[in-house]
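Subject: Structure handover

Hello,

Please find the structure below. My notes on what was found in it follow.

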Amino acid sequence: MARKIGALLLAGVILLGGFIALALIGLLVALATDPFYPFLPFFAPLAIGAIGLAGYLMGKVVTRLYPQHPDRKLWQFGAWAAALVILGLWSYGLYDFFTTPMHWQ
């Protein structure tokens with residue numbers, strides 16, 4: 001039971017790192033491209049890379065802690081899917097935040 005809780009906590013920390021990395025990437029791209037260039041062509045490849053890295057690391061948590069478990073591939077796929085969906089929605093939210101005009105503008 002302790003290993004399951006440890007795996008969930010470690011995957012949560014990796015997911016939190018993905019949130020922070022995507023926010024910093026969005027801020028960096030917004031500062032670099034603000035007045036002249038479009039946001040999405042610069043943000044999308046970096047966001048996809050960060051999401052892929054977080055999903056890969058979350059999937060590796062399961063296979064490293066439970067190398068002989070029969071459902072480890074299913075759990076690894078679930079971790080990849082969770083990272084893709086959660087961080088994908090977070091990326092869309094960041095895209096919307098950085099590209100939508102504020103009400104006072």
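Gly 88 counts as partly exposed, because its relative accessibility is 28% and that class runs between the two cut-offs: buried is under 20% relative accessible area and exposed is over 50%, using a 1.4 Å probe and protein chains only. Gly 88 sits in helix H3. Helices here are DSSP runs (H or I, at least four residues), strands are runs of E with at least two residues, and both are numbered from the N terminus.

Before going on, some ground rules. This is a predicted model, in which local features need pLDDT of at least 70 and side-chain atom pairs count only at pLDDT 80 or more, while totals for chains, interfaces and linings use all residues. Residues are numbered from 1 along each chain as its sequence is written, and side-chain values use heavy atoms, with hydrogens and water left out.

Back to Gly 88. Leaving aside residues up to four places away in sequence, Gly 88 touches Ile 51 and Ala 83, where contact means heavy atoms within 4.5 Å. Gln 76 also has its place in helix H3. Gly 88 and Gln 76 are 12 residues apart in sequence, and their C-alpha atoms are 18 Å apart in space. Gln 76 is buried, because its relative accessible area is 7%. With the sequence neighbours up to four places away set aside, the contacts of Gln 76 are Gly 59, Val 62 and Thr 63.

The next pair is Ala 79 and Met 58. Ala 79 lies in helix H3, and Met 58 lies in helix H2. Ala 79 is buried at 11% relative accessible area, and Met 58 is buried at 6%. They are 21 residues apart in sequence, with 5.7 Å from C-alpha to C-alpha. Not counting residues up to four places away in sequence, Met 58 touches Ala 11, Ile 14, Leu 15, Ala 79 and Ala 83.

Which residues line the largest pocket? They are Lys 4, Ala 7, Leu 8, Ala 11, Met 58, Val 62, Tyr 66, Trp 75 and Ala 79. On a 1 Å grid over the protein atoms alone, a pocket is an open set of points where a 1.4 Å probe fits, with protein on both sides within 12 Å along at least five of seven lines, and lining residues have an atom within 4 Å of a point. The volume of the largest pocket is about 210 Å³, volume being the space filled by probe spheres set on the points. Helices H1 (2-33), H2 (40-65) and H3 (72-99) each supply at least two lining residues, and H1 gives the most, with four.

As for the whole protein, there are three helices and zero strands. The C-alpha trace spans about 55 × 25 × 15 Å along its principal axes. The radius of gyration is 17 Å, whereas a compact globule of 105 residues would have one near 13 Å; this radius is taken over C-alpha atoms, and the globule rule is 2.2 Å times the number of residues to the power 0.38. Of the 105 residues, 29% count as buried.

Regards
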